[in-house]
Amino acid sequence: MCGIIGYVGTDEVVPVILDGLGRLEYRGYDSAGMAVLGADSIRILRAEGKLRNLEQRAYHEPMHGTTGIGHTRWATHGAPTEANAHPQVDASGDIAVVHNGILENYAGLRRELLQDGVELASDTDTELIAQLLGRESGPLGERVLRVMPLLVGQYAVVAVCRSEPDTVVAFRQGPPLVVGIGEGENTVASDVTALLHRTRKVLYLENGEFAVVRADGVELRDAAGAPVEREVETLDWDAGRVEKGGYRHFMLKEIFEQPDAIRNTVRAYLDADRSGVNLDGLGFSTEQLGKLRRIHLVACGTSWHSCLVAKFILERLTGLPTEVDYASEYRYRDPLLGDDLLLIGVTQSGETADTLAAMELAVRGGALLATVCNVRGSSSWRLATSRMLTQAGPEIGVASTKAFTTQLVALVALALALRASRGLADELDRKLITDLQRLPMAVEEVLRTDRAFYRLGTDILSEATDTLYLGRGILYPIALEGALKLKEISYIHAEGYPAGEMKHGPIALVTDGFPVVAVATATATRDKLLGNLMEVKARGATVLAVAESDADDVAEVAELVLPVPAVHPLLQPVVAVVPLQLLAYNVAVELGHDVDQPRNLAKSVTVE
Ligand code: F6R
């Protein structure tokens, strides 16, 4: 959701910005722009739509300089037009800013500026920041210090000033900003993927801080202007992991990376002798664990689906009552908090605004706070006292795949560790630990499935306008996830439903040829699910099912079985979701959609 890049150094800045914006494209956007500083000028180029439109303009209207800022915008205030694209400038044209986030006091600030006689050229809240900076005088860093207290809401802003052609100033409250430290150059970005190919040394800005960035150094200051000392971190991701590596789409590459991602995540949490789970890094004290009576899981979207799966696993393995909430609901529902509660914020990006707000609420209420996250150093990583890193590596496709399956694995490891801390570990633990280590092979087997299986499924679904995904128990969240994958990249309406609930309404949709996708691997409720499938079949549904290849009873009901190997019921979600990811991917490709950047979607949702 919106991407920011800023550069100051010795290279020609236009290619640096376009390259950085290209690396941020996956976040989702609907216009793009850049500002380039000359000796005594700021030149702005903006374009609606895809980045190639901006590239075209940059080709026809060449600009030169070694300092500049760029932005991909996902519209919030104002339509996705060129006038509303970033950078936005102040009335004098001296200041240019790019901004991720939303100003909550937009209306008041706008009124105030209009009363002051300022003529506004856009509908954006971003322009107000440029105008406020333009109203101040002095070095840009000092102007930022005076303007930050006037801004209410969420912002990550990078600004340049005509009179300081060798400086970029970055400040944030909410959405992330990171400075990449180079040799004789420095880069600012909203996301490390934009600067990984230039440097792996980074400095994260905390809320309320600002950074004055020049080619030869970075000054970090707090909201009062006092210098901040922070250690430069070195990232362990390498740039090659954000390339497509011969795959047609990032999503496909990431689906195929799952065996490795799962293997790495399992290894990260196993003891050296692989007989137990090691969560020493989580840093729970014995006293905290002793008080623990309940768990709340909060997340959004696909991460919320992993929480729904985790509820089954945590309750089964730890005996602790576990609730799952959408983060956007939790933050406003007045939940019952306290020091007997462990709140786990599950978020692959670590930057989802609602999840962060829910986590902050829980800390204020005295809960023990953990996060399961894929980005070391992200906001949820820094907010939580206990952290579990999923080892998925950078996920670029907007539709989450490997981040989801590694979340499931990390949550199983967490459940096993909590179980051991409660003295409950027994034979089941040993079995699960062995099966966890076999999971990558099981997923590899799914990925080797003959593509012909997907052809028929793709043909059936790509002609549909509506579909129903059914599952029961621990597989019901997988039905939700399969439906989400299909709808977000193929734009076919897909509803996930608990199979037993289906006849209380949705069955009315089923007519001749209506596709129903069932998650039908071997659990205690498979017979019940088969009964539900007979009901939809009797009404003409075409049933596709995910099941073990020897599940003859499923094969009798289903038009097509997408085969998966048998694994322990608590681990089936990890394996069962993979055919559904591939099915959604194939349908979206068949329909000619932009798989990696589906319309209206953003990779990390940094506004409420
Ligand atoms: C869907 C998808 C989203 C995210 C959601 C939360 O494929 O990826 O539903 O899961 O926006 O994002 P994170 O996990 O970054 O908090």
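Colleague: What volume does the largest pocket have, and how many residues line the largest pocket?
Modeller: In this predicted model, the residues that lie nearest the centre of the largest pocket are Cys300, Gly301, Thr302, Ala602 and Val605. They belong to a lining of 32 residues, and the volume of the largest pocket is about 630 Å³.

Colleague: Which element gives the most to the lining of the largest pocket?
Modeller: Two or more lining residues come from each of helix H9 (301–318), helix H10 (327–330), strand E17 (341–347), helix H11 (353–364) and helix H16 (476–490). At the level of domains, domain 2 (250–447) and domain 3 (452–590) each provide at least three residues of this lining. The element that gives the most, with five residues, is H9.

Colleague: How do the residues lining the largest pocket divide into nonpolar, polar and charged?
Modeller: The classes are assigned by residue type, with Gly counted as polar. On that basis the lining of the largest pocket divides into 16 nonpolar, 13 polar and three charged residues.

Colleague: How much space lies in the largest cavity, and which residues are closest to its centre?
Modeller: The search of the whole structure finds three cavities of 30 Å³ or more, and the largest cavity holds about 280 Å³ of space. Its lining takes at least three residues from each of domain 1 (3–242) and domain 2 (250–447), and by class the lining has 10 nonpolar, seven polar and five charged residues. Out of 22 lining residues, those closest to the centre of the largest cavity are Tyr26, Arg27, Asp191, Ser349 and Val375.

Colleague: Which element supplies the largest share of the lining of the second largest cavity?
Modeller: The second largest cavity contains about 100 Å³ of space, and Cys2, Trp74, Thr76, His99 and Gly101 are the closest to its centre among 17 lining residues. The lining divides into five nonpolar, 10 polar and two charged residues, with at least two residues supplied by each of strand E4 (67–73), strand E6 (95–103) and helix H4 (125–135). The largest share, three residues, is that of E6.

Colleague: Is the peptide bond that joins His86 and Pro87 cis or trans?
Modeller: Most peptide bonds are trans. Pro87 is placed in the loop between E4 and strand E5 (88–89). With omega at about 5°, the bond between His86 and Pro87 is cis.

Colleague: Where is Asp334, and what is its phi?
Modeller: Most residues other than glycine have a negative phi. Asp334 is found in the loop between H10 and E17, and although Asp334 is not a glycine, its phi is positive, at about 60°.

Methods: Residues are numbered from 1 along each chain as its sequence is written. This is a predicted model: local features need pLDDT of at least 70, side-chain atom pairs count only at pLDDT 80 or more; totals for chains, interfaces and linings use all residues. Side-chain values use heavy atoms; hydrogens and water are left out. On a 1 Å grid over the protein atoms alone, a cavity is a set of points where a 1.4 Å probe fits but cannot get out, and a pocket is an open set with protein on both sides within 12 Å along at least five of seven lines; lining residues have an atom within 4 Å of a point. Grid points are joined across faces, edges and corners, and a volume is the space filled by probe spheres set on the points. Helices (H or I, at least four residues) and strands (E, at least two) are DSSP runs, numbered from the N terminus. Domain bounds come from an automatic or database domain assignment.
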